[in-house]
Amino acid sequence: MEVFPKKILSVVHPSKFNFDKSINYHLSINIGHGLIKVCCIERTTQACLLLGIYTLPLDKNHPSYVKSLEQLYNQDFFLIKKNWCSVTLSISNQKFTLLPHLLLSTKDLSTYMHVACGVDPNDEVISFTHALAKVSVVFAENATVLDWFRKRYTGSNFHIVHQANAIIEGCQLECLSKAELFVWLAEDYLYIVVHNKRQLLYCNAFAYKTSDDLLSYLSAVIQVMQLERTSCALLVGGWIEKWSLAYRQLKAYIPRTTLKTKINFLHSNSYACKASGTSPMLYFDLMSGFLCHTHSNKSTAVV
C-alpha cells in the first residue's frame, strides 16, 4: 500500500525565508490529480522563497485524502503557520466553465456546472471573477476538502480559485500586448488562451497525449477565433523544451512561436526554481495564484 503524503520537492531559501515573518508572505496552494503544490511569495519583493510538492491520494472523496492533508500539515514546519498575509487555494480539475461576469448569477452556479460538465453530489460549486478580464470562472470541488482548508485558514485573507483563474491572471501580466496566443502545458493537459491587448477572448483546457494532439487543438482554436497562424504570435511554456518535437512542430506551424522560461511578475528571480533546477514556468499556475487576490488589485472574488 502506498503511503501518503510523499515529498517530491522541497526547496527553502536559506537566507530569505523567515519562519517568524509569515505575516509578510503570501501562501499559494494548488491541489490537483494526486498532488499538492505550495509556494511562499514575499509580498513586497514578490520573490518566491519556498516551493514544495507532495503526492496525495487520487480520490478526494475517500477519507484518506483529508487524513493525508492533516498528516502533511503536521509534519512540514511552515504549514503549521496560520498568520499569513494572504492565502490562495487553487483547484486543478476539469470541472469548470467561463461566463461573462455580467451574466453571472450566484444562485445559479450549480445550474451552470450541470450544463457544462455535471456536478458530483459531494462537490461544492463556487466562482471567482476577474475584474480586468471581465469574466467569471465557475468551478466545482469536493466540499469536505474545501471546508478543511477554510477551517485551517479562518484568520487569514483566504481565497479559493480555479487553476484557470491563475492561468488567466498570469497571462494578463506575462504576455506582451502584441501576443495573441498563450499555451501552458502540464504533463497530460494544456491551457490555450487567446487575448488581444490583455483583453481575454478565449480560454480552455484540453487533455493531450502527443504533440499531434497539441497541434490539433491549437489548429481548431485558431480556426474558431479566425486568427492567421503565419502572423499571430504564440508564447508557450510549461512541460516543453526548445529541443523537443512539440516545440519544433509548433514553430513550424506558427513561425512567431516563443518559448517562455521566466515569470516576469516575480520581480526577483525565483530562488526556489533555480535551486530545484526546474523552469519557473512549470509552476506558473501555482505562482500565479498570488495574483488572484485583492492585494494585487486585479481581481475580486465571489464565493
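Q: How many bridges join β1 to strand β4 (residues 48-55)?
A: The model is predicted, and local features need pLDDT of at least 70, side-chain atom pairs count only at pLDDT 80 or more, and totals for chains, interfaces and linings use all residues. Residues are numbered from 1 along each chain as its sequence is written, and side-chain values use heavy atoms, with hydrogens and water left out. Strands (E, at least two residues) and helices (H or I, at least four) are DSSP runs numbered from the N terminus, and two strands pair if DSSP finds at least two bridges between them. β1 and β4 run antiparallel, and the bridges joining them number six.

Q: Which residue of β4 is the bridge partner of Ser-10?
A: Strands of a sheet pair through backbone hydrogen bonds, either parallel or antiparallel. For β1 and β4 the direction is antiparallel. The partner of Ser-10 in β4 is Gly-52.

Q: Which strands stand at the edges of the six-stranded sheet?
A: This open sheet has the order β1-β4-β3-β2-β5-β9, with mixed pairing. Its edge strands each pair on one side only, and they are β1 (6-12) and β9 (158-162).

Q: What is the average twist from one strand to the next in the sheet β1-β4-β3-β2-β5-β9?
A: Axes here are lines fitted to C-alpha atoms, for helices over the stretch in contact, and angles run from 0 to 180 degrees between N-to-C directions. For this open sheet of six strands, the average is 15°.

Q: Why is one side of β12 and of β14 left without a neighbour in the five-stranded sheet?
A: The open sheet has the order β12-β11-β10-β13-β14, again with mixed pairing. β12 (199-207) and β14 (257-259) stand at its edges, so one side of each has no neighbour, because each has a single partner strand.

Q: Which residue in the turn between β11 and β12 has a positive phi?
A: Strand β11 (residues 189-196) runs antiparallel to β12, with eight bridges joining them. Within this pair, Asn-196 is bridged to Gln-199, while His-195 stands opposite Leu-200. The two strands form a hairpin with two residues between them, and the one with a phi of about 50° is Lys-197.

Q: What angle does α6 make with β14?
A: Two helices are described here as packing on the five-stranded sheet, contact meaning heavy atoms within 4.5 Å. Helix α4 (residues 163-174) touches β10 (181-185), β11, β12 and β13 (234-238). α6 touches β13 and β14, and its direction makes with that of β14 an angle of about 150°.

Q: How are α5 and α6 oriented to each other, roughly parallel or roughly antiparallel?
A: The axes of α5 (residues 211-224) and α6 (residues 245-253) come within 9 Å and cross at roughly 30°. Angles under 35 degrees count as roughly parallel, over 145 as roughly antiparallel, 65 to 115 as roughly perpendicular and the rest as oblique. The two helices are therefore roughly parallel.
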